[in-house]
Amino acid sequence: VPDAASFEGFVALQGEGLLRSARLLTGSWHGGEDLTQETLARLFVAWARIREPAAATAYARRTMVRLYVRNRARHWSGEVPSHPLPDVASQEHEDPDTDLASVMAVLPPRQRAVLVLRFYDDLSVADTAIALRCRPGTVKSQTAKALAAIRSSLATVEARRNEDANNRQG
Amino acid sequence: MPTIDKGDIESRIRRRGAEGEAPPIDIALVKALGIERKQGRRKALAALGGLVVVGIAGLVAAATIGADGNPESVPTSHESVPTSLRPGCAPLGASLVEQAAPGAATIHSLNAKANSALTLNAVVPDTPDARNTMLKVIIAVPGATLDVGAVDQLPAKSAGRPENQLSSEVVSAPGLGFSVTTQSPAAPGSYPIVAYGQYVTAIDCNGPVPTDPKKQQTGIYAFEMGTLVVNP
């Protein structure tokens, strides 16, 4: 069993969870890896000052969302593929969870962060507010806006898909 | 139109988060980056002692990491690109250094009335696994967006379009510093200093850059290196 009090133990126990959250935030494994590794590197620097494993988890989540929001705000456009993208339809497009990913990708960074912290990381409104350095009321309003945007976009996507299916059958 | 309730969205987010096999985390690499950050912080603190320039307060905020317990302020420098730890795929970055105030951060200022000039050095270091092949530094109009691609296909407000550029200069020697000199732009305001770069890596970033072009892959990036503030 990894020792949660050591940095290595923390990474063994919490690393995958952080990586999955980061992937939800950034929308890709590559982006998630970069974000997680940057977060863990900063945690490593601060490790001597952290006394409890629970505090380390909270610190890592705060660092991760703040890095994500800040980097998005800087308009970092990142690496782009230099090869042409395939224009054939992917099977993934039929997957409702892939729809969710594409809808989340266009949300503003704070709204996306709120959704991941609250619904994936199971943070309370108060803890989410601390992580994002905002008021609980802001978390609630951002959550409501994000859910409304997702609901609307998903409903449109699914209605269109049903319509296409009906047309094919007809 | 079907209605999707909150619970359904929550469960989709959970499923999306749980699906797929997570790649392993290279803890040695994480520690190496952490140590690099610590050393960078020490250098910044050492440099701080000798600095008597405007903007020192901003540098203090960057250098006294962790004193406020705020993780966001943890190691930083005037480099604008977050360092990637993905093995072999570290994105290249460039940093801006003002000749008149070495070590100053990303904000540089000019006086509009003085018709002054500002010389900036953009330093574009290569990494063991990636090599810069081109860098263009642009001082763009306020509100210009960052996009990459063919110039004629960029959005109307893109900093990559010549009509949205106050000045630009292409680096001819990859990996070396160069200067951008800007006469006072037209109006007071904040002008983004944008880097457009092109680099090569091994295919799949799996090692040093090969000499055979067929075994290289090219990438391009655009990011905001800093801001030029023109005071009234």
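These notebook entries record what I looked up in a predicted model.

Entry 1: I began with the packing of helix α1 (residues 7-26) of chain A against helix α2 (residues 29-46) of chain A, whose axes lie 8 Å apart at an angle of about 140°. Since angles over 145 degrees count as roughly antiparallel, I record α1(A) and α2(A) as oblique to each other. The crossing of α1(A) past α2(A) is right-handed. I then listed the contact residues: α1(A) contributes, among others, F7(A), F10(A), V11(A), L18(A) and R23(A), while the α2(A) side includes W29(A), G31(A), E33(A), L40(A) and F44(A). By class, I note twelve nonpolar, five polar and three charged residues in this contact.

**Entry 2: helix α5.** I next checked the length of helix α5 (residues 109-120) of chain A. Its twelve residues should span 16 Å at 1.5 Å a residue, and its end C-alpha atoms are 16 Å apart, which agrees. I looked up burial as well: eleven of the twelve residues of α5(A) are buried, so the helix is largely enclosed by the rest of the structure. Among the buried residues I find P109(A), R112(A), R118(A) and Y120(A). Just after α5(A), I note a positive phi of about 60° at D122(A).

**Entry 3: V125(A).** I placed V125(A) in helix α6 (residues 125-132) of chain A. Its relative accessibility is 18%, and V125(A) therefore counts as buried, the cut-off being under 20%. Leaving aside residues up to four places away in sequence, I find V125(A) touching R118(A), P136(A), V139(A) and K140(A). For K140(A), 15 residues from V125(A) along the chain, I record a C-alpha separation of 7.2 Å.

Definitions and conventions. Residues are numbered from 1 along each chain as its sequence is written. Chains are lettered from A and ligands numbered from 1 in the order in which they are written. This is a predicted model: local features need pLDDT of at least 70, side-chain atom pairs count only at pLDDT 80 or more; totals for chains, interfaces and linings use all residues. Side-chain values use heavy atoms; hydrogens and water are left out. Axes are lines fitted to C-alpha atoms, for helices over the stretch in contact, and angles run from 0 to 180 degrees between N-to-C directions. Helices (H or I, at least four residues) and strands (E, at least two) are DSSP runs, numbered from the N terminus. Angles under 35 degrees count as roughly parallel, over 145 as roughly antiparallel, 65 to 115 as roughly perpendicular and the rest as oblique. A crossing is left-handed if the near helix is turned anticlockwise from the far one by less than a right angle, and right-handed if clockwise. Contact means heavy atoms within 4.5 Å. Ala, Val, Leu, Ile, Met, Phe, Trp, Tyr, Cys and Pro count as nonpolar, Asp, Glu, Lys and Arg as charged, and the others, Gly among them, as polar. The expected span of a helix is 1.5 Å times one less than its number of residues. Buried means under 20% relative accessible area, exposed over 50%, partly exposed in between (1.4 Å probe, protein chains only).
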